[in-house]
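Dear colleague,

Please find the structure below, with its sequence.

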Amino acid sequence: MPGPAPATIDTDEIMALADRSVDWSDKGMPPACWGESVREVSARRLPLSRFPTPLLTLSAPALRHNLATMAGWCAERGLELAPHGKTTMAPQLWAEQLAAGAWAITLANLPQLAVARAFGVSRVLVANAVISPLTLRWISDELAVDRSAQVLTWADDVRTVELMEAALAAHAPTHGAAYRPVDVLVELGGTGGRTGARDVPTALRIARAVAGAPHLRLAGVAGYEGVLSHDSDEHGLTVVRDYLTTLRDAHRLIATEALYPEDVEPVVSAGGSAYFDVVAEVLAPLTTEGVRVVLRSGAYLTHDDGLYRQLSPLGARPRTTGPALRSALHAWVRVSSQPEPGLALFDAGKRDLPFDEGLPEVQLRRGRADGQPAEPIHGVSVVALNDQHGFLRFDPDGPAPVWIGDELRLGVSHPCTAFDKWGLIPVVDDADAPDPVVVDLIRTYF
């Protein structure tokens, strides 16, 4: 059964990342650093002005703050945290989350799970159905070889259970007594949502099928509320609350039928980064019934200056107690053209910046001379992104607030589509400084 301890990660593998060399294939790295190790580049504490634009950076103080804030928030409510690792796909950041007490790392598919296992993550929650026989056989092999490993998957249909059982039953004899059943959470969804059984009776049928499958183990119920609402008004919160109540009821009915094995402490899991306050409100009482309630929030670690700033319970309009989360993500771009009044273009586009949940916002202009402080900039908006260009609009009748050559700091929206554009991301000591200093480099695996 899942133990009370957080998952672990191979710290030697994490430390070894610092020995990897930086080279021309690492977007955003200056040629002067090519051939040096990550450790050497970090030790040089280079100012950001030594890096080319465009560039995405992380703020070290904001990361530390958000990590501690969410860990404390969950602990106060008796909740476990299995942060969605697909947000960053950065094992160095997963290690920080696990060190802060995360119970597991959540992922979505085989390529992501393979990264986690390569870095020795001991407990992974795959928030998806796994029906590929090849993937199931590989998971079975991992569980047989590593007795500390645990992989929890989802199922939202009896057919899914049948396919899983058939694939594992055919493969189990290769492991003999070393075979370990794959843990399955019954997924409950909502009308108009994503995957997930659409009602409790269907969820019960799936639970019965899992309980009757010799090569699977029924481990709980799970779902995702974030797709059912996109607002934090009372209507949106009510939709989320009603869905989570149904999720809770499904678990209780499964428990009443005694479908969970005796050696399982059931998991009830929900929660993105927008409604974790409602998840706690509805599901936290289950902890008094012997249930492990697991949040899967992922975007909290970096927060943002768009979607999650508006929706997060610890964002611009807080709905719960605790320190506000801080944006740790910033993009740095350079104005490259001013072809007409009221228009300027910069050197970053869709290949570099997230745009699916709102365009970036202009925040600061770096000092135009050495030693000058960064200045807040107003009256300038990002209105469009091409593949490699961003469009700035401002009053064409007034003095231009930006010049060709100006370096701007942008706030971005939606970390999940920011990290995937960068293989190596500098971490800076102070994103508000006149010339922030790079203190670390974070490698991603997309």
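The model is a predicted one. I begin with helix α10. Its buried residues are F276, D277, V278, V279, A280, V282 and L283. The helix spans residues 276-283 and is mostly covered, seven of its eight residues being buried. Among the elements that cover these buried residues are the helices α3 (60-76) and α9 (234-256), together with the strands β8 (267-270) and β9 (292-295).

One residue of this helix, L283, also stands out in the nonpolar interior. The largest nonpolar core contains 132 residues, and within that core L283 and L244 touch the most other members. Leaving out residues up to four places away in sequence, L244 touches E225, A270, V278, V279, V282 and L283. Another core, of 12 residues, lies apart from the largest one; A82, A104, L152 and V267 are among its members.

Is S413 buried or exposed? With a relative accessible area of 2%, S413 falls under the 20% limit and is therefore buried.

The side chain of S413 has backbone partners on two residues. A polar atom of this side chain lies 2.9 Å from the backbone nitrogen of L307, and a polar atom of the side chain lies 2.7 Å from the backbone oxygen of E357. Apart from neighbours within four places in sequence, the residues in contact with S413 are D304, G306, L307, P354, E357 and G358.

Yours sincerely

Notes:
Residues are numbered from 1 along each chain as its sequence is written. This is a predicted model: local features need pLDDT of at least 70, side-chain atom pairs count only at pLDDT 80 or more; totals for chains, interfaces and linings use all residues. Side-chain values use heavy atoms; hydrogens and water are left out. A nonpolar core is a set of buried Ala, Val, Leu, Ile, Met, Phe, Trp, Tyr and Cys residues joined through side-chain atoms within 4.5 Å. Buried means under 20% relative accessible area, exposed over 50%, partly exposed in between (1.4 Å probe, protein chains only). Contact means heavy atoms within 4.5 Å. Helices (H or I, at least four residues) and strands (E, at least two) are DSSP runs, numbered from the N terminus. A polar contact is a pair of N or O atoms within 3.5 Å; within protein, one must be able to donate a hydrogen and the other to accept it, and residues adjacent in sequence count only if both atoms are side-chain atoms.
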